[in-house]
Amino acid sequence: MSPAELNSIKIKLRDEGKEVDKYFILNERLSRFEDVEHNRKERRRQLRKLAQQKHDIQTNKSKVVELFPETETPEIIEPPE
């Protein structure tokens, strides 16, 4: 833990009216670490979701085949005579 981070935690604890001791300092450090980890995991999850959506759109466009397109006129086949 850097001295700047330690001072920041001490100031926060004093502002909250809590006693500044090792327990509270380590608890605050753990809380910050958990917040950072949660945000990192959430960001990765969102990036994976966006990448999957992009992949799905690209792959679906190449595989779509219209058997009976609506824009074409149907070909009329006459029976042999």
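Ground rules before anything else. This is a predicted model, so local features need pLDDT of at least 70 and side-chain atom pairs count only at pLDDT 80 or more, while totals for chains, interfaces and linings use all residues. Residues are numbered from 1 along each chain as its sequence is written, and side-chain values use heavy atoms, with hydrogens and water left out.

Let's start with H1. When I say helix, I mean a DSSP run of H or I with at least four residues, numbered from the N terminus. H1 has 13 residues and spans 18 Å from first C-alpha to last, close to the 18 Å expected at 1.5 Å a residue; that expectation is 1.5 Å times one less than the number of residues.

So which residues of H1 are buried? They are Glu5, Ile9 and Leu13. Buried here is under 20% relative accessible area, exposed is over 50%, and partly exposed is in between, using a 1.4 Å probe and protein chains only. Looking down the axis of H1, those buried residues fall within an arc of 70°, so they line one face of the helix. The arc is taken from the directions from the helix axis to the C-beta atoms. Turned away from that buried side, H1 carries the exposed residues Pro3, Ala4, Arg14 and Asp15. And just after H1, Gly17 takes a positive phi of about 80°.

Glu5 sits in H1, residues 3-15, and counts as buried because its relative accessible area is 18%. What does Glu5 touch, leaving aside neighbours within four places in sequence? Arg29 and Arg32 are in contact with Glu5, contact meaning heavy atoms within 4.5 Å.

Now the salt bridges. The rule is a side-chain nitrogen of Lys or Arg within 4 Å of a carboxyl oxygen of Asp or Glu, and by that rule the count comes to 5. One of them is Lys12 with Glu28, where the closest N and O atoms are 2.8 Å apart. That pair links distant parts of the chain, with Lys12 in H1 and Glu28 in H2, residues 22-63, 16 residues apart. Lys12 is partly exposed at 34% relative accessibility, whereas Glu28 is buried at 11%.

Glu28 also makes a salt bridge with Arg32, at 3.9 Å from N to O. Those two are separated by about one helical turn because they are 4 residues apart in H2. Arg32 is partly exposed, at 26%. Put together, Lys12, Glu28 and Arg32 are linked in a salt-bridge network.

Further along, Arg40 and Glu37 meet in a salt bridge at 2.5 Å, N to O. Both lie in H2, 3 residues apart, about one turn of the helix. Arg40 is partly exposed at 25%, and Glu37 is partly exposed at 23%.

Last stop, aromatics. Rings of Phe, Tyr and Trp (its six-membered ring) pair if their centres lie within 6.5 Å; planes under 30 degrees apart are stacked, over 60 edge-to-face, and the rest tilted. How many aromatic pairs does that give? The count is 1. The pair is Tyr23 and Phe24, edge-to-face, 5.4 Å centre to centre with 70° between the planes. Tyr23 is exposed at 56% relative accessible area, while Phe24 is partly exposed at 25%.

That's me done, thanks.
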